[in-house]
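Here's a quick tour to read with the model open beside you.

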Amino acid sequence: MAQHSTAEARRPSGTQTRRLRSLAIVPAYNEEGSLAQVLAEIRSADPELEIVVINDHSTDSTAEIAGAAGVSVVHLPFNVGIGGAMQTGYQYARDHGFEVAIQIDGDGQHDAAELPALLDPISRDDADMSIGTRFAGVGAYKATPGRRMGMVLFSTVARMLVKLKITDPTSGFRAVNRRGIELFARDYPHDFPEVESNVLAARHGLRIVEVPVLMRERAAGRSSVTTIRGTYFVIRILLSLFISVFRRYPKTVEDR
Amino acid sequence: MIPLRVSIAAAIAAGLLLLVIVELIRSRRLQERYALLWLLTGAVLLFFALWRGALMKVSDLVGIQYPPSALFVMAAFFILLVLLHYSTVISELAAKNLALAQRLALLENRLREEALEQEPER
């Protein structure tokens, strides 16, 4: 009974290295095969990190697994897609006053052991957003040739459009501070959000850094991107990238 | 020259269209803001069906040999406009729908967590 409140007990305030209130956002759509392990890994990597699972109307037992893990779960009333689900997570972070939000896929391809590396630039206030990058010497991540081509293409286009230098623009392993949380809670791209949200963040003047991380193959389930549909995705992403440059954006977050 | 029968048929069709639109608005099955484009469509078609000289002039101006074709072109153009208008309406609805779903999910979550927090006190 009392345990519930002791877990929530506040740490002594006024300590020098105050830890920023951080939230891990785990979007999950039919991830029953990997979700339990992902959550356990986050817990063991960083026990103080709060976790919210955004269940994008899964049809398998994702909801039960998330509920049993004792984390906060937000159930969307119908499937809204990864962009809408992520945005829900950022809205949760905004509404609950979190200072840092980290997004970690529910499919297990992001290694929770890399969390400190990802969080470091944010907590030192060197960046507003840090992106976990697959290619930076760490590990032996092998992308399919098609995906690799897509990544190179996107990073080239993004670099040309907003002078944003990112080697792995399709990475969904990211951390943002309060500025990023407020931006993404209000405005987040829909279908293939990673690439476009980087451009969005850059256009709003967020400081972005890349952090080399180890990534794994998916623990279970299938990637939402298959080779045949890949070309179609590339065209859609390119289109949205170009549009994002000409788009009118709502007023910036509290404009520093 | 425009065959008289074409003009009569077009006028009747445009008049019927206008009547149906007005009736839909009157019975509140169509909101005015969505009906505006339709009303304009019907009015323009009726205008050119009745005033045959204007249709002749317009088709002459853009180089259409057979003036009744100009009526078709106008009708097609307005249909495109209406469809485009629908796309914007659907986009807006989809955005609102998403926002509602997100708000609902977050409120549900908050409600559940607050209920959980209060339980141990009992």
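What follows is a short briefing, grouped by topic.

Keep in mind that this is a predicted model. Chain A has 256 residues, and 43% of them are buried. Its fold is built from nine helices and seven strands. If you look at contacts in chain A between residues at least 6 apart in sequence, 76% join residues at least 24 apart.

**The nonpolar cores**

- The largest nonpolar core holds 67 residues, and the ones touching the most other members are A:Ile25, A:Val26, A:Ile54, A:Ala101 and A:Ile102.
- Helix H4 of chain A (residues 81–95) puts in the largest share of this core, with six residues.
- Zoom in on A:Ile54: leaving out residues up to four places away in sequence, A:Ile54 touches A:Ile25, A:Val26, A:Pro27, A:Ala28, A:Val74, A:Leu76, A:Ala85, A:Thr88 and A:Gly89.
- There's also a second, separate core of eight residues, and B:Leu45, B:Phe48, B:Leu55 and B:Leu71 are among them.
- As background, nonpolar side chains tend to be buried together in soluble globular proteins.

**Where chain A meets chain B**

- Chain A brings 16 residues to the contact, and chain B brings 10 residues.
- On the chain A side, the elements giving two or more residues are strand S3 (72–75) and H4.
- H4(A) gives the most to that side, with six residues.
- Sort the chain A side by class and you get eight nonpolar, seven polar and one charged residues.

**H4 against H7 in chain A**

- H4(A) also packs against helix H7 (residues 178–186) of chain A: their axes come within 8 Å and cross at roughly 130 degrees.
- That angle is why H4(A) counts as oblique to H7(A).
- The crossing of H4(A) with H7(A) is left-handed.
- From H4(A), the contact uses A:Gln87, A:Tyr90, A:Gln91, A:Ala93 and A:Arg94, while H7(A) supplies A:Ile181, A:Glu182, A:Phe184 and A:Ala185.
- By class, the residues of this H4(A)–H7(A) contact split into five nonpolar, two polar and two charged.

**The helix pair in chain B**

- Over in chain B, the axes of helix H1 (residues 4–26) and helix H2 (residues 32–50) come within 8 Å and cross at roughly 160 degrees.
- H1(B) and H2(B) are therefore roughly antiparallel to each other, since angles over 145 degrees get that label.
- This pair, H1(B) and H2(B), makes a left-handed crossing.
- The residues of the H1(B)–H2(B) contact come out as 15 nonpolar, three polar and one charged.

**Helix H8 of chain A**

- Helix H8 (residues 193–203) of chain A is largely enclosed by the rest of the structure, because 10 of its 11 residues are buried.
- The buried residues in H8(A) are A:Pro193, A:Glu194, A:Val195, A:Glu196, A:Ser197, A:Asn198, A:Val199, A:Leu200, A:Ala201 and A:Ala202.
- Just after H8(A), check the backbone at A:Gly205, which takes a positive phi of about 80 degrees.

Definitions and conventions:
Residues are numbered from 1 along each chain as its sequence is written. Chains are lettered from A and ligands numbered from 1 in the order in which they are written. This is a predicted model: local features need pLDDT of at least 70, side-chain atom pairs count only at pLDDT 80 or more; totals for chains, interfaces and linings use all residues. A nonpolar core is a set of buried Ala, Val, Leu, Ile, Met, Phe, Trp, Tyr and Cys residues joined through C-beta atoms within 7 Å. A residue is buried if 20 or more other C-beta atoms lie within 10 Å of its own, exposed if 12 or fewer, and partly exposed in between; C-beta atoms are placed from the backbone. Helices (H or I, at least four residues) and strands (E, at least two) are DSSP runs, numbered from the N terminus. Two residues are in contact if their C-beta atoms, placed from the backbone, lie within 7 Å. Ala, Val, Leu, Ile, Met, Phe, Trp, Tyr, Cys and Pro count as nonpolar, Asp, Glu, Lys and Arg as charged, and the others, Gly among them, as polar. Axes are lines fitted to C-alpha atoms, for helices over the stretch in contact, and angles run from 0 to 180 degrees between N-to-C directions. Angles under 35 degrees count as roughly parallel, over 145 as roughly antiparallel, 65 to 115 as roughly perpendicular and the rest as oblique. A crossing is left-handed if the near helix is turned anticlockwise from the far one by less than a right angle, and right-handed if clockwise.
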